[in-house]
Amino acid sequence: MAFIVVAPSVFITFLIAIGIVCLCRVAHGYLLSVQTAINDLPALGVPKKTKIPGTAVVCGGSIGGLLTARVCHDHFERVIIVEPEAWLSTEEGRTTESWTQTQVRSRLIQYHACHASYALLYSAFKRLFPNLDDECLVSGIKAGAGDFGTQFEGKYLRVPYAQYLYNLPKTFFATRQALETLIRRLTLDPVVCPNIHQITGTVVGVERDPSNPTYLDRVQVRTEDGVSNIEAVLVVDCTGSTQAGIKWLHRAGGDQGKMSLDRLKVSFDPKMHYSTMRLTVTPSLAARLPPGYNPAGAVFLLVPNEPGDNKHFICFKTEANCILMCCGAWGSSDLPVNLAGIREHITSMKQPVPDWFWQYLDMLSEVEDTLSVTCGSLRVPPSYWTHFENATDLPSNWIAIGDSVARLNPFFGQGCPKALLGVACLNTLLHQVAPNTATRMPPDFSHKFFAAQAAKIKPAWDMSKMIDYGMSTTTPIAGETLKVGSFGRWFSHHLQLLSTEDDQAGAILWKTQMMLDSTTIDALHPVLLLKVLLLACRRWWNSQC
């Protein structure tokens with residue numbers, strides 16, 4: 001009988017390899033819970049058996065505020081949305097034909113802009129609104145496979161269709177206008193959400209509970225009838241980039257702990273501009289047009305490839321037989337306003353463009369008389385993050401969600417998903433609140449919420465910042481230089497190139513793009529690191545030959 005003798009060094013190496021794999025899996029599972037909303041999704045749309053007595057006041061009725069109100073409906077006896085724009089409480093604000101709206105959002109410059117959605121949004125909305133698909137249909141909103149046709153150096157990202165048995169998670173192909181109008185109609189439906197009420201007014205302040213100043217007990221609202229007070233068990237700031245909640249807390253008094261609220265904010269300026277154009281396609285032309293990359297909605301997409309590339313282009317099909325095209329650039333405001341300009345913009349990117357898309361643009365010239373510039377050379381405002389998790393004396397029943405906390409470069413399409421991450425954190429924490437805890441939230445509720453939300457925002461913030469810092473025109477955070485994240489940019493660039501030829505890399509990038517079950521450690525898997533290194537060596541060698 002023959003025996004195989006294994007050298008101790010080989011056995012030890014094998015054990016180390018197994019240990020590394022196990023550690024990666026444990027770390028992935030932990031970060032999946034901390035950094036993503038995947039583990040929070042099952043609890044969305046599940047009502048609490050015994051609701052918390054009192055009223056949750058949501059200050060602001062944009063997408064973040066509407067989703068917050070929908071979640072609070074499952075937990076509180078009453079929910080009030082305070083929204084300044086009166087027309088949003090009318091039938092026009094909830095119409096199934098959003099493109100017919102004559103009113104415009106006064107504080108939302110991107111209302112008619114190109115709007116990216118990710119599979120995370122669709123998955124969450126399906127849980128919050130069971131009739132979502134039917135409502136999308138009557139609203140003309142397209143929902144289909146979450147594949148945007150992302151490409152690098154002319155090669156498409158390898159999307160993991162096989163992992164999902166060729167039933168890829170869906171996403172929306174719609175404008176911000178259509179998506180927000182849909183969510184408003186569903187959230188304010190008195191049959192589905194009878195405990196939600198929207199009033200027209202502006203929150204002008206909050207009052208601390210005189211018997212326990214660690215809580216707020218009233219919200220001051222100015223309406224056309226004057227200023228009134230609303231008793232509140234929970235107050236949620238969804239006022240967006242105005243961050244009105246900080247002003248309310250200053251006026252209400254109180255120490256903000258380790259840092260004043262004014263010093264919690266960090267900001268950098270990507271100095272990016274973008275323009276969005278919309279064309280209406282006739283049925284006869286629609287029948288002749290090439291289907292595009294993804295017939296559900298994604299026609300063609302170009303993103304910066306090499307470090308320093310500063311332009312992008314997006315072409316989507318949206319509601320009402322419209323084609324939306326977005327051109328953007330870091331450090332430049334010279335953007336096209338017609339089809340000829342779009343051709344020049346794409347050509348200047350010096351990336352491979354398939355012949356069918358040039359044909360697509362030629363055919364669109366038939367309806368160029370319908371072209372409208374919905375956003376002309378729009379200046380992207382600075383990105384910021386207010387680290388409320390570092391304030392130790394915030395009211396226990398006050399939180400902030402969405403742009404009230406952080407704003408990212410809209411090119412990355414993470415605005416609505418970022419708000420959803422906060423909403424998912426809120427829902428999970430509310431499920432942990434015992435309904436018999438009188439009429440107060442737990443003393444550590446605000447602290448727990450901001451800590452959980454910050455952990456989920458951080459990957460999106462770091463990614464956006466890393467890419468924006470790769471543009472020489474960006475103004476960095478005070479005390480930082482544009483060299484911050486330089487290795488990450490190098491690694492990300494090579495990982496992107498690898499994703500066009502490797503299924504493992506493609507799956508990780510796609511899941512990261514869709515904000516699904518991918519964490520920051522997944523790209524650092526030992527096997528993937530080796531593949532990236534080999535690719536970098538191969539490209540270096542080819543450049544020398």
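## Basis and sheets

Two strands pair if DSSP finds at least two bridges between them. Strands (E, at least two residues) and helices (H or I, at least four) are DSSP runs, numbered from the N terminus. By these terms, an open sheet of 3 strands runs in the order E8-E9-E10, with antiparallel pairing. Its edge strands are E8 (202-209) and E10 (226-231), each of which pairs on one side only. The twist averages 30° from one strand to the next. Axes are lines fitted to C-alpha atoms, for helices over the stretch in contact, and angles run from 0 to 180 degrees between N-to-C directions.

This is a predicted model: local features need pLDDT of at least 70, side-chain atom pairs count only at pLDDT 80 or more, and totals for chains, interfaces and linings use all residues. Residues are numbered from 1 along each chain as its sequence is written, and side-chain values use heavy atoms, with hydrogens and water left out.

## Inside the antiparallel sheet

Strand E9 (residues 212-223) and E10 run antiparallel and are joined by 6 bridges. Val 219 has Ile 230 as its bridge partner in E10. Helix H6 (residues 244-252) packs on this sheet and touches E8 and E9. The direction of H6 makes about 40° with that of E8. Contact here means heavy atoms within 4.5 Å.

## The parallel sheet

A further open sheet has 5 strands in the order E7-E2-E1-E11-E19, with parallel pairing. Strand E7 (196-200) and strand E19 (398-400) stand at the edges. Each has a single partner strand, so one side of each is left without a neighbour in the sheet. Neighbouring strands are turned by 20° against each other on average, direction ignored.

Strand E2 (residues 76-83) runs parallel to E7, and 5 bridges join the two. The bridge partner of Val 82 in E7 is Ile 199. Strands of a sheet pair through backbone hydrogen bonds, either parallel or antiparallel.

## Nonpolar cores

A nonpolar core is a set of buried Ala, Val, Leu, Ile, Met, Phe, Trp, Tyr and Cys residues joined through side-chain atoms within 4.5 Å. Buried means under 20% relative accessible area, exposed over 50%, and partly exposed in between (1.4 Å probe, protein chains only). The largest core has 132 residues. Phe 125, Phe 388 and Trp 398 have the most contacts inside it. Helix H10 (residues 415-431) gives the most to this core, with 10 residues. A second, separate core has 25 residues, including Val 299, Val 353, Tyr 360 and Leu 361.

Phe 388 touches a set of residues beyond its neighbours within four places in sequence. Among them are Ile 246, Leu 261, Leu 264, Leu 394, Trp 398 and Phe 450. In soluble globular proteins, nonpolar side chains tend to be buried together.

Tyr 384 lies in strand E18 (residues 383-386). At 2% relative accessibility, Tyr 384 counts as buried. Residues up to four places away in sequence aside, Tyr 384 touches, among others, Gly 240, Lys 265, Val 266, Asp 403, Arg 407 and Trp 461. The side chain of Tyr 384 reaches the backbone oxygen of Asp 403 at 2.5 Å. That is a polar contact: a pair of N or O atoms within 3.5 Å; within protein, one must be able to donate a hydrogen and the other to accept it, and residues adjacent in sequence count only if both atoms are side-chain atoms.

Tyr 164 is found in the loop between strand E5 (155-156) and strand E6 (170-173). At 22% relative accessibility, Tyr 164 counts as partly exposed. Neighbours within four places in sequence aside, Tyr 164 is in contact with Pro 169, Trp 510, Lys 511, Leu 516 and Asp 517.

## Aromatic pairs

Rings of Phe, Tyr and Trp (its six-membered ring) pair if their centres lie within 6.5 Å; planes under 30 degrees apart count as stacked, over 60 as edge-to-face and the rest as tilted. The whole structure holds 27 aromatic pairs. Phe 148 and Phe 316 form a tilted pair, 5.6 Å centre to centre, with 45° between the planes. Phe 148 is in the loop between strand E3 (142-145) and strand E4 (151-152), and Phe 316 is in strand E15 (residues 311-318), 168 residues apart. Both are buried.

Phe 268 and Trp 461 form an edge-to-face pair, 5.4 Å centre to centre, with 70° between the planes. This pair links strand E12 (residues 265-268) to helix H11 (residues 445-468), across 193 residues. Phe 268 is buried at 2% relative accessible area, and Trp 461 is buried at 4%. One aromatic cluster is formed by Phe 300, Phe 313, Trp 356, Phe 357 and Tyr 360.
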